[in-house]
Amino acid sequence: MRLELWKRIRGYAPRLLSVLAVLLVLLPVREAQADAAEQDEATAAGAVHFSGWAFDTCKTPSAETMRAWLSSRYRAVGVYYAGRGRGCPHQPNLSRRWVGQVHRMGWQVLPVFVGSQAPCVGARHKRDVRIGRDPWRRGRIEGRQAVHRAKALGMRRTSPLYLDLEAYDTGNRRCADTTLAFVRAWNREVRRHGYLPGFYSSADSGVAHVERARRAGVGDMPSVIWFARWHTRPTLYGERALHPDGWQGHRRIHQYAGNVAETHGGRRLTVDRSRVDAPVARIR
């Protein structure tokens with residue numbers, strides 16, 4: 001009986017090896033196809049691209065401060081425009097009028113959505129907004145919120161919306177799977193409404209996690225990546241957490257410094273600094 005079973009297993013071995021060989025060939029193809037589709041989105045007609053320097057700060061600055069900061073080298077600003085996880089949920093300056101004003105001044109806007117966070121998020125102040133038990137549903141809900149608020153502020157279709165996830169324990173498999181499901185659902189919902197899903201996180205945490213998923217051929221990946229690695233040169237294409245072929249073609253932002261006090265035009269802010277080669281909001 002055992003001899004007969006062994007013969008059958010040996011008989012199937014060549015077929016199994018053939019299937020494995022096909023999978024090994026197809027996996028990089030799937031990865032390339034998915035990444036090419038997301039790149040097409042980011043470079044589609046209507047998408048507005050910016051290459052240069054950006055800053056972000058917790059509270060949206062006043063229009064007067066933005067005018068004063070035209071004396072700096074910055075020409076793009078990250079705006080925490082929505083999401084239940086924002087560190088500064090009260091944004092008295094942020095309105096449709098403000099968005100139009102600063103855009104007419106010559107500023108580009110990077111809309112940042114800080115929603116639910118990973119179950120194993122490291123920051124204590126983010127633990128009261130963890131994703132929960134149904135990441136796909138949560139991601140869809142928050143994706144719709146992100147789009148609705150962007151529209152209310154005058155940001156048009158093909159604008160990028162950047163999902164902000166603070167650093168989490170990617171070695172925790174259950175947490176990592178939940179978080180990735182949330183990100184994919186959020187991306188899918190944002191895409192469904194004609195916007196570009198972007199993703200911001202620590203290079204060694206969320207960004208490395210999403211990059212592994214991309215290389216494995218997982219779908220519903222971000223169109224644009226915004227990676228945080230402080231105390232380094234502002235380089236877009238030398239990041240070790242990202243494969244050189246990933247997120248090419250105006251699809252990267254590097255946040256290279258944080259919590260830096262700067263004064264321009266007599267107005268002082270504490271900001272994070274970024275180097276940008278990526279889509280920015282289309283303003284009505």
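The structure is a predicted model, in which local features need pLDDT of at least 70 and side-chain atom pairs count only at pLDDT 80 or more, while totals for chains, interfaces and linings use all residues. Residues are numbered from 1 along each chain as its sequence is written, and side-chain values use heavy atoms, with hydrogens and water left out. The secondary structure comes to six helices and eight strands, where helices (H or I, at least four residues) and strands (E, at least two) are DSSP runs numbered from the N terminus.

**Overall organisation**

- From the N terminus on, the elements run α-β-α-β-α-β-α-β-α-β-α-β-β-β.
- Of the 284 residues of the protein, 52% count as buried, with buried meaning under 20% relative accessible area, exposed over 50% and partly exposed in between (1.4 Å probe, protein chains only).
- Among contacts with a separation of 6 or more, 75% are accounted for by residues 24 or more positions apart, a contact being heavy atoms within 4.5 Å.

**Packing of α4 and α5**

- Helix α4 (residues 135-152) packs against helix α5 (residues 173-192) at an angle of about 40°, and their axes are 7 Å apart; the axes are lines fitted to C-alpha atoms, for helices over the stretch in contact, and angles run from 0 to 180 degrees between N-to-C directions.
- The two helices α4 and α5 are therefore oblique to each other, in a scheme where angles under 35 degrees count as roughly parallel, over 145 as roughly antiparallel, 65 to 115 as roughly perpendicular and the rest as oblique.
- On the α4 side the contact includes Pro135, Trp136, Arg138, Ala146 and Val147, and on the α5 side the residues include Phe182, Arg184, Trp186, Glu189 and Val190.
- By class, this contact of α4 with α5 has nine nonpolar, three polar and seven charged residues, where Ala, Val, Leu, Ile, Met, Phe, Trp, Tyr, Cys and Pro count as nonpolar, Asp, Glu, Lys and Arg as charged, and the others, Gly among them, as polar.

**Nonpolar cores**

- The largest nonpolar core has 52 residues, of which Phe55, Tyr81, Trp98 and Leu161 touch the most other members; such a core is a set of buried Ala, Val, Leu, Ile, Met, Phe, Trp, Tyr and Cys residues joined through side-chain atoms within 4.5 Å.
- The largest share of this core, six residues, comes from α5.
- Leaving aside neighbours within four places in sequence, Tyr81 is in contact with residues including Leu94, Val112, Phe113, Ala146, Leu153 and Leu161.
- A second, separate core of 16 residues includes Phe50, Tyr162, Val276 and Val280.

**Helix α3 and His103**

- In helix α3 (residues 96-105) the buried residues are Trp98, Val99, Gly100, Val102 and Met105, and what covers them includes α2 (63-68), β2 (76-82) and β3 (108-113).
- His103 is placed in helix α3 and is partly exposed, with a relative accessible area of 30%.
- Not counting residues up to four places away in sequence, His103 touches Gln108 and Ile283.
- Gly106, which follows α3, has a positive phi near 115°.

- Ile253 lies in strand β7 (residues 252-264) and counts as buried at 0% relative accessibility.
- The C-alpha atoms of Ile253 and Phe227 are separated by 6.3 Å, although these residues are 26 residues apart along the chain.
- Beyond residues up to four places away in sequence, Ile253 touches residues including Leu110, Tyr162, Phe227, Leu236 and Val276.
- Ser71 is placed in the loop between α2 and β2 and counts as exposed at 52% relative accessibility.
- Leaving aside neighbours within four places in sequence, Ser71 is in contact with His264 and Gly265, and its C-alpha atom is separated by 9.8 Å from that of Gly266, 195 residues apart along the chain.

- Most residues other than glycine have a negative phi.
- Thr158, in the loop between α4 and β4 (160-164), has a positive phi of about 75° although it is not a glycine, and Thr158 counts as buried at 17% relative accessibility.
- Asp220, in the loop between α6 (203-215) and β6 (224-228), has a positive phi near 60° and is buried, with a relative accessible area of 18%.
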